[in-house]
Each structure stands twice: as C-alpha cells, then as structure tokens.
Amino acid sequence: MKDIFFDQIAIGDQLPSLTKPPISRTTLAYFCGASNDHNPVHVDSDFARASGADDVFVHGMLNMAYMGQLLTGWVSPRAILSFGVKFAAIVYVGDTITCRGEVVDKADSEGVYTLKLKLSAVDQNGELKLSGDALVKVSAPA
Amino acid sequence: MGWRLYWPVDTDTLRAEKNNGSGMLDKTLIGKSFPALVVDVDKWQLKFFAKAVGEENPIYFDEEAAIAEGYRSILAPPTYGVTLGCAVPDPFARAKAVGLDASKILHTAQSFEYFEPICGGDKITLVATITKVFEKRKGAFKFMVEETVATNQLDQLTTRFRQTVVERA
C-alpha cells in the first residue's frame with residue numbers, strides 16, 4: 001500500500017473499486033460462524049422461506065465488511081477515523097457486490113489531514129445496496 | 001469458543017421474553033446501559049472471519065505479518081466490534097426487550113468511530129446503551145438505535161459504534 005498525500009488527492013477522485021465474487025451459500029455459512037450472527041434467515045433456506053423471504057439473504061455486516069476492505073485496501077487500517085453505512089436494500093445469495101468510494105471533501109486541521117469519502121455498493125444490476133461515508137487520515141503534503 | 005459471558009440472564013432475558021413482538025414499544029429502556037459484556041478476542045476466529053470475507057491482507061490472519069506492521073497480534077477488521085457484541089446467547093435480547101419481534105428485524109444502519117486497534121488476544125469490554133426507540137408510518141416500522149463503547153484490557157477506548165435495527169411490517 002503506498003502512502004496517500006493530501007495534496008495529491010482532489011475532490012472527485014475515485015478509490016479503486018472492489019468487486020467480490022458472487023456470494024455463495026458457503027460464504028454465508030462461513031460468515032454465520034465467523035461473525036457470531038447465527039440468525040437462520042442467512043443460512044437456512046427453509047427458515048428464510050417460512051419467514052416470507054424468497055431465499056436466504058446476506059448479512060448486512062458481510063457487505064459492510066466488503067466495504068471495509070475497499071477502505072483498508074486504500075489506506076492503512078489505522079488511518080480510518082470513522083466509517084458508517086446504511087443498508088439500502090437486501091442482498092440475496094448469488095449476488096455480486098461492487099464497492100466504490102469517492103473523495104467528497106478535504107480538511108486540514110492543526111496538521112491532521114483528512115479526506116471525507118462517499119461510499120456505495122451495488123449489485124450486478126447496478127442496484128444500490130449500501131450507501132455510506134468514511135473519514136480517513138492521509139499523509140501531510142509531500 | 002474463546003469468549004466468556006457476563007450477560008444479564010435474569011431481568012433482561014425475562015423482559016425480552018415478555019416483550020418480544022408484543023407490538024408495544026417500551027421506551028422506558030431509552031438511555032439504559034446494560035451490564036458489560038467482556039469478550040476475549042480469539043485469534044482463531046479472526047482467521048476464520050478473514051477466510052469468510054476473502055481477506056487477502058495477511059495482517060488479518062497471520063500474526064507475524066501483523067506484528068511486523070506494529071500490531072500486538074492479528075488485527076481485527078473495521079467491522080469486528082459488531083461481531084464481539086454478538087458473542088452472547090441472544091444478540092436480539094435488547095431488541096426483544098423494547099418490544100421488537102426478533103423474527104422480523106433488519107439491520108438498517110451501522111457506524112463506527114475508531115480509536116485504538118483491536119487485536120487477537122485482547123480482552124474487550126462492551127457496554128451497550130439504547131439511545132432511541134421510535135416508530136415511523138403510524139407504527140408500521142419500529143426502530144431501535146443502540147450505541148456500544150468498546151474498551152480494551154489497557155482501559156483504552158478502541159471503538160464506539162452505533163447500530164440501527166427496524167422491525168419490518
């Protein structure tokens with residue numbers, strides 16, 4: 001990961017996008033155990049259908065974890081000051097998620113250089129699934 | 001599992017059983033902090049989490065790589081606070097206690113502020129407070145917002161996070 005310098009970033013710059021593999025039932029089973037979220041609507045098709053869903057659907061926190069990977073692929077984990085999302089729509093098993101980020105503001109306060117990022121995640125049809133924002137520290141002008 | 005539980009299995013579980021899906025929101029719980037949850041951050045589970053999300057950066061699954069980057073041990077990813085908060089017998093206990101139907105709950109928003117990193121081997125104390133309970137569209141949608149403060153074994157603030165859930169109609 002290379003350093004990101006405040007003066008080399010412009011408002012409107014895009015982060016490199018991150019497209020994850022289609023979300024399989026296996027991935028949902030792993031994430032159920034790994035995340036401590038054992039809600040059966042994410043892993044048990046019978047349960048999901050009985051509760052009115054078409055099939056199992058993806059943990060919101062898995063999609064947020066993917067968005068976190070977009071951030072930590074661009075800046076050091078230590079550089080993230082805040083990170084938030086809204087879960088705009090349900091993501092179903094088999095969907096492919098692409099995470100994107102854009103610099104929407106820059107600030108320099110007492111030698112701390114920060115960027116405000118606007119985040120979004122869409123599925124394979126371009127439908128918005130997550131929207132959010134993050135505040136990250138970057139290096140002082142080179 | 002590597003975590004230990006200090007969870008309010010008495011009054012809060014009883015209230016959860018009584019109020020779950022009752023249709024009435026119990027707003028008296030706004031501002032109430034629940035007994036602290038103390039969780040040992042398990043290196044094995046961090047590795048499993050990395051596998052589940054297809055993580056390629058070794059600081060999230062290889063202790064040597066993490067130490068080389070200046071961390072105590074394997075680094076927890078940015079969203080891991082929620083996973084620690086779910087290390088309880090019933091992660092929906094608070095939502096049930098305010099009257100939400102646990103079988104219809106959706107997670108609608110999540111945000112974090114970051115201070116010190118969380119690493120494998122840490123002992124994290126989480127204190128959750130219900131900050132908002134409200135309805136929209138004449139009660140068709142019922143919301144609960146809670147804030148959790150997570151401190152480590154050195155009494156350092158690691159992360160503070162806010163979770164919003166809704167009971168769908």
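1. Of the 169 residues of chain B in this predicted model, 40% count as buried, a residue being buried if 20 or more other C-beta atoms lie within 10 Å of its own, exposed if 12 or fewer, and partly exposed in between, with C-beta atoms placed from the backbone. Because the model is predicted, local features need pLDDT of at least 70 and side-chain atom pairs count only at pLDDT 80 or more, while totals for chains, interfaces and linings use all residues. Residues are numbered from 1 along each chain as its sequence is written, and chains are lettered from A and ligands numbered from 1 in the order in which they are written.

2. Chain B has five helices and five strands, arranged along the sequence as α-β-α-α-α-α-β-β-β-β; helices (H or I, at least four residues) and strands (E, at least two) are DSSP runs numbered from the N terminus. Among the contacts in chain B with a separation of 6 or more, 73% come from residues 24 or more positions apart, where two residues are in contact if their C-beta atoms, placed from the backbone, lie within 7 Å.

3. An open sheet is formed by 10 strands in the order S1(A)-S3(A)-S4(A)-S5(A)-S2(A)-S2(B)-S5(B)-S4(B)-S3(B)-S1(B), with antiparallel pairing; strands pair if DSSP finds at least two bridges between them. Its edge strands, each pairing on one side only, are S1 (18-19) of chain A and S1 (37-40) of chain B. Within chain B, S3 (residues 123-136) and S4 (residues 141-151) pair in the antiparallel sense over 11 bridges, and Val133(B) stands opposite Met144(B) in S4(B).

4. The two chains meet in this sheet, where five bridges join S2(A) to the antiparallel S2(B), and Ser82(A) has Glu113(B) as its bridge partner in S2(B). The contact as a whole takes 31 residues from chain A and 28 residues from chain B. On the side of chain A that touches chain B, H3(A) gives the largest share, 10 residues, and the residues of that side divide into 16 nonpolar, 11 polar and four charged.

5. Helix H3 (residues 60-72) of chain A lies across strands that include S5 (128-138) of chain A and S2 (105-114) of chain B, running at about 40 degrees to S5(A); axes are lines fitted to C-alpha atoms, for helices over the stretch in contact, and angles run from 0 to 180 degrees between N-to-C directions.

6. The largest nonpolar core has 67 residues, of which Tyr66(A), Met67(A), Leu71(A), Ile80(A) and Val136(A) touch the most other members; such a core is a set of buried Ala, Val, Leu, Ile, Met, Phe, Trp, Tyr and Cys residues joined through C-beta atoms within 7 Å. H3(A) gives the most to this core, with eight residues. Another core, of 13 residues, lies apart from it and has among its members Leu29(B), Ile105(B), Met144(B) and Val166(B).

7. In helix H2 (residues 43-52) of chain B, the residues Gln45(B), Leu46(B), Phe49(B), Ala50(B) and Ala52(B) are buried. Seen down the axis of H2(B), these buried residues fall within an arc of 160 degrees, so they line one face of the helix, the arc being that of the directions from the helix axis to the C-beta atoms. Their cover includes H1 of chain A together with helix H4 (80-85) of chain B.

8. Just after H2(B), Gly54(B) takes a positive phi of about 65 degrees. Asp62(B), in the loop between H2 and helix H3 (63-68) of chain B, is partly exposed, with 14 other C-beta atoms within 10 Å.

Definitions and conventions:
Nonpolar A, V, L, I, M, F, W, Y, C, P; charged D, E, K, R; others polar.
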